[in-house]
Amino acid sequence: MTEETPSPERISQWRGNIPIHHRYTVGVAGQRFFAALRDEKVILASTCSGCGARFLLPKIYCERCFVDTKEWSPVKGPGYVKTFTLVHRNLDEEVLTEPVAAAVIGWEGVRGGIVHRIGGMDTSQLRIGQKVEPQWREVRTGGIADILYFKPVDRPFHRGGA
Ligand SMILES: [Zn+2]
């Protein structure tokens, strides 16, 4: 039988850091996805041949139908901001000179999305639904940072107005 946990402040404790290093393989789907970012500058989604669901990040099988996703194709058109937050401090809790916008980017008809930065605009004007497209890095290595950030495509909102 477990006892009720008292409030955390009442438990004797010491603070410290534990260095943990790990590797997490990107898997079959991840390898193909990141290679396409690097080599073709496209964002791949996979489609279930059973129910037609499109997945981003792509999956090699559909978790509902248990069938392989044989059709892989790039997402079409601009993505859109599904949700976002403005980050005002860095990982060391220092105040940033200007906030960084972190968003979930989705595409119509695609399940899931990509978490990435928004750039190329005054992020104080960022709204859910903003259409965006990737700003590709010149030299790509096969990682999510091959996209520098997502930039607006319909209303630029450049700093300084208009
Ligand atoms: Zn399915």
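## A briefing on the fold and its cores

Of the 162 residues in this chain, 20% count as buried, meaning that 20 or more other C-beta atoms, placed from the backbone, lie within 10 Å of the residue's own. The model is a predicted one, where local features need pLDDT of at least 70, side-chain atom pairs count only at pLDDT 80 or more, and totals for chains, interfaces and linings use all residues. Residue numbers start from 1 along each chain as its sequence is written.

**Overall layout**

- The chain has 1 helix and 9 strands, taken as DSSP runs numbered from the N terminus (H or I of at least four residues for helices, E of at least two for strands).
- The radius of gyration is 20 Å, well over the 15 Å that the globule rule gives for 162 residues, so the chain is more spread out than a compact globule. Here the radius is taken over C-alpha atoms, and the rule is 2.2 Å times the number of residues to the power 0.38.
- Along the principal axes, the C-alpha atoms fill a box of roughly 55 × 50 × 30 Å.

**The helix**

- Helix H1 covers residues 27-40, and its 14 residues reach 19 Å from first C-alpha to last, close to the 20 Å expected at 1.5 Å a residue. That expected span is 1.5 Å times one less than the number of residues.

**The open sheet**

- Four strands make an open sheet in the order S3-S1-S2-S6, with mixed pairing; two strands pair if DSSP finds at least two bridges between them.
- Strands S3 (71-74) and S6 (111-112) stand at the edges with a single partner strand each, so one side of each is left without a neighbour in the sheet.
- Strand S1 (residues 44-47) pairs with strand S2 (residues 54-56) in the antiparallel sense over 2 bridges, and Thr47 stands opposite Arg54 in S2.

**Nonpolar cores**

- The largest nonpolar core has 10 residues, including Phe33, Leu37, Leu44, Phe55, Trp107 and Ile147. Such a core is a set of buried Ala, Val, Leu, Ile, Met, Phe, Trp, Tyr and Cys residues joined through C-beta atoms within 7 Å.
- H1, S1 and S2 are the elements that give two or more residues to this core.
- Another core, of 9 residues, lies apart from the largest one, and among its members are Tyr80, Ala103, Ile105 and Phe150.
- Leaving aside residues up to four places away in sequence, Ile147 touches Leu37, His116, Pro134, Gln135, Trp136 and Arg137, where contact means C-beta atoms, placed from the backbone, within 7 Å.

Technical notes: A residue is buried if 20 or more other C-beta atoms lie within 10 Å of its own, exposed if 12 or fewer, and partly exposed in between; C-beta atoms are placed from the backbone. Two residues are in contact if their C-beta atoms, placed from the backbone, lie within 7 Å.
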